[in-house]
Amino acid sequence: MTTPDTEAPRQPWSEGRSLNRFTTTLLIGYLAFIVVLMIVRRSTLSPEVFVVFAAVIAVLMGRGWSFVRDWAPFALILLAWQLARGLADDIGARVQSDAAIAVERAISFGTVPSVELQKWLHIAGRTTPLDVAMTVVYLLHFLLPLVAAFLLWVFRRHLYYRYAMALILLSVAQFFTAVILPVAPPRFAGLYGEALAVTDISYEVTQNLQLGTLSWAYLNLNGNPVAAFLRCTRPIPCLRTCSCALPGGAPRC
């Protein structure tokens, strides 16, 4: 018999009781169904769908209850932030645009970097591999922190708790930043002051590739497109996603 002092440490994937073959096959089939559904609908991987994937993987690892215990507070706090961040442009200061453009010109020798970069790298009317790659990077800004959190939870759980707390504090800080100093991104600058010669490339890519989302939060909760430092809450049927309205309330389709 082994004593607690001599017992071999458990591996991250071997904690808890293993599942029987039927349950394992059912869960793997469920994940496969979601993947097929995403491919058929040409949907991007949203944070909610990733959490479903992570939960099923945790159950397959025999760590289902641990996942619920460790992730439920984290997920609820982030959901509350998702609900609250759309209030920032309602209760916060006036959205800044011209002041931010002036600062950029002052530190960039009279130019606006986003305008110059698009002159060099963007081909109007075409969707290039660079456009697609940068759109993927942009979309990962919601997903990648959760992927990192899950990997830490699996392999370095003591670091997961610190990471989750840091991410929550960062989200709270972002909310107050959006309240105190909301800044319009370059593509919406014309709604608040000087218009810039920039194209909403991520919008064009999702349009041209007909990409949608399975994200319930993205379609139904309050967003805040001036949280870069217009309101966007209405799903647009022609996009199968959400698009900010132009002046006068006309959706961009």
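Predicted model: local features only at pLDDT ≥ 70, side-chain atom pairs only at ≥ 80, totals over all residues.

Residues are numbered from 1 along each chain as its sequence is written, and side-chain values use heavy atoms, with hydrogens and water left out.

**First stop: Glu194 and Arg105**

Select Arg105, which is partly exposed at 30% relative accessibility, and then Glu194, also classed as partly exposed, at 33%. Their side chains meet in a salt bridge of 2.8 Å, N to O; the term denotes a side-chain nitrogen of Lys or Arg within 4 Å of a carboxyl oxygen of Asp or Glu. This pair links distant parts of the chain, 89 residues apart: Arg105 belongs to helix H5 (residues 98-107), and Glu194 to the loop between H8 and helix H9 (201-208). Helices here are DSSP runs (H or I, at least four residues), as strands are (E, at least two), numbered from the N terminus. The structure holds 5 salt bridges.

Is Asp70 buried or exposed? Asp70 counts as buried, at 8% relative accessibility. Select Arg69 next: this residue is exposed at 52% and forms a salt bridge with Asp70, the closest N and O atoms being 3.2 Å apart. Arg157 in helix H8 and Asp70 in helix H3 are 87 residues apart. Shared partners join Arg69, Asp70 and Arg157 into one network of salt bridges.

**Third stop: the nonpolar cores**

A nonpolar core is a set of buried Ala, Val, Leu, Ile, Met, Phe, Trp, Tyr and Cys residues joined through side-chain atoms within 4.5 Å. The largest one has 18 residues, and Phe67, Trp71, Phe74, Phe150, Trp153 and Tyr160 have the most contacts inside it. At least two residues come from each of helix H2 (47-60), helix H3 (64-85), H7 and helix H8 (157-180). H7 gives the most, with 6 residues.

**Last stop: His122**

Finally, select His122, in the loop between helix H6 (113-121) and helix H7 (129-155). His122 is buried, with a relative accessible area of 13%.

Key:
Buried < 20%, exposed > 50% of the residue type's maximum accessible area, 1.4 Å probe, protein only.
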